[in-house]
Amino acid sequence: MSEKISSPNAAVRFVEIAADFDGQRIDNFLRTELKGVPKSLIYRILRKGEVRVNKKRVKPEYKLQGGDLIRIPPVRVAERAEAPKPSDNLQRVLEDAILYEDKDLIVVNKPSGLAVHGGSGVSLGLIEAFRQIRPECRFLELVHRLDRDTSGCIMIAKKRSALKFMHEALQKSRITKIYNALVDGAWSDRKRRIDAPLRKNELKSGERVVKVQADGKACLTEYKVLRRIGRLVTLVEARPITGRTHQIRVHCQFAGHPIIGDEKYGTDQMNRRMRDEGIKRLFLHAAELRIPLPGGGRMVIKAPLDKQLLSAMDALDV
């Protein structure tokens, strides 16, 4: 990609595309290259021919090829506040949380409470922190997402080619995600599949919730009992076959066994009781990933459960 200079948008620039960016649309490339520039302006300079690829006009859907030379015109952008820096403690926590790393990929055991990216009142997320922790990595992007309060395995691509490879693997169901969830009540061994369509709804407050509705999108989760703790709670394994927002959380609620600590889909009474027992967060953990690697072969990556959660379960199981 291009070298960073003090005023990157103040003069005409020429950027030669590396092979790693093969297949990326020119409009998406410019949105990354011209950070802070409104999308409408990017489409305007494309439409007017101010952006040229190999001295020719291109449409927004043009797909880049390695070796393409892009002319980027000067554009005016508003000054942006400097990105907040991760604390020394957060840097140590994230470095210690790395489960696997190679030239293409980083897999992290994300702590509960850390958003995967900034926005909506969050100034610093996992990906922004890693971009500062690893300044030598010119490309770092999330492969997928986890809810803020969910812990466990999350993948970060270190190359655009790796991101594309992983997205294709997700689309072709070549990646298996396995979660652990502590749920309210005694989950039956016979309850192995929840097949219920989900639909996003927005409340008057602007809060987004997901509900089981007949006209929703098809959604399937497979379950297995891992550990019974009396008749009070059950530790289950959940494998989402589809990938819908809040899928596991809503399917557990639909099954009559909401996840402990779930403030959106759980029960206040049970959550209060479990807080007194030491479970003060959403008990949903991305425990395992089974993935193909861009360089060949497959890898099984496991993230251990938080010691505090394990201790709380042992204390309940008396």
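Modeller: The model is predicted, so local features need pLDDT of at least 70 and side-chain atom pairs pLDDT 80 or more, while totals for chains, interfaces and linings use all residues. Residues are numbered from 1 along each chain as its sequence is written, and side-chain values use heavy atoms, without hydrogens and water.

Biologist: What makes a space in this structure a cavity?

Modeller: On a 1 Å grid over the protein atoms alone, a cavity is a set of points where a 1.4 Å probe fits but cannot get out. The structure holds 1 cavity of 30 Å³ or more.

Biologist: Which residues line the largest cavity?

Modeller: Lining residues have an atom within 4 Å of a point. They are His144, Leu146, Cys153, Lys177, Ile178, Tyr179, Ala286, Ala287, Glu288 and Leu289. Strand 9 (176–184) and strand 15 (284–292) each give two or more residues. Strand 15 gives the most, with 4 residues. Strands here are DSSP runs of E, at least two residues, and helices are runs of H or I, at least four.

Biologist: How does the lining of the largest cavity divide?

Modeller: Into 7 nonpolar, 1 polar and 2 charged residues. Asp, Glu, Lys and Arg count as charged; Ala, Val, Leu, Ile, Met, Phe, Trp, Tyr, Cys and Pro as nonpolar; the others, Gly among them, as polar.

Biologist: Why is the pair of glutamate 101 and arginine 134 called a salt bridge?

Modeller: The rule asks for a side-chain nitrogen of Lys or Arg within 4 Å of a carboxyl oxygen of Asp or Glu. Here the N to O distance is 2.5 Å, so the pair meets the rule. Glutamate 101 is in strand 5 and arginine 134 in the loop between helix 4 and strand 7, 33 residues apart.

Biologist: Why is arginine 134 called buried?

Modeller: Buried means under 20% relative accessible area, exposed over 50%, partly exposed in between (1.4 Å probe, protein chains only). Arginine 134 has 11%, so it counts as buried. Glutamate 101 has 32%, so it counts as partly exposed.

Biologist: What makes aspartate 262 and arginine 249 a tie between parts of the chain?

Modeller: Their side chains meet in a salt bridge at 2.8 Å, N to O. Aspartate 262 lies in the loop between helix 6 and helix 7 and arginine 249 in helix 6, so the pair ties together parts 13 residues apart in sequence. Both residues are buried.

Technical notes. 1 Å grid on protein atoms, 1.4 Å probe; cavity = no way out; pocket = protein on both sides within 12 Å on 5 of 7 lines; lining within 4 Å. Points joined across faces, edges and corners; volume = space filled by probe spheres on them.
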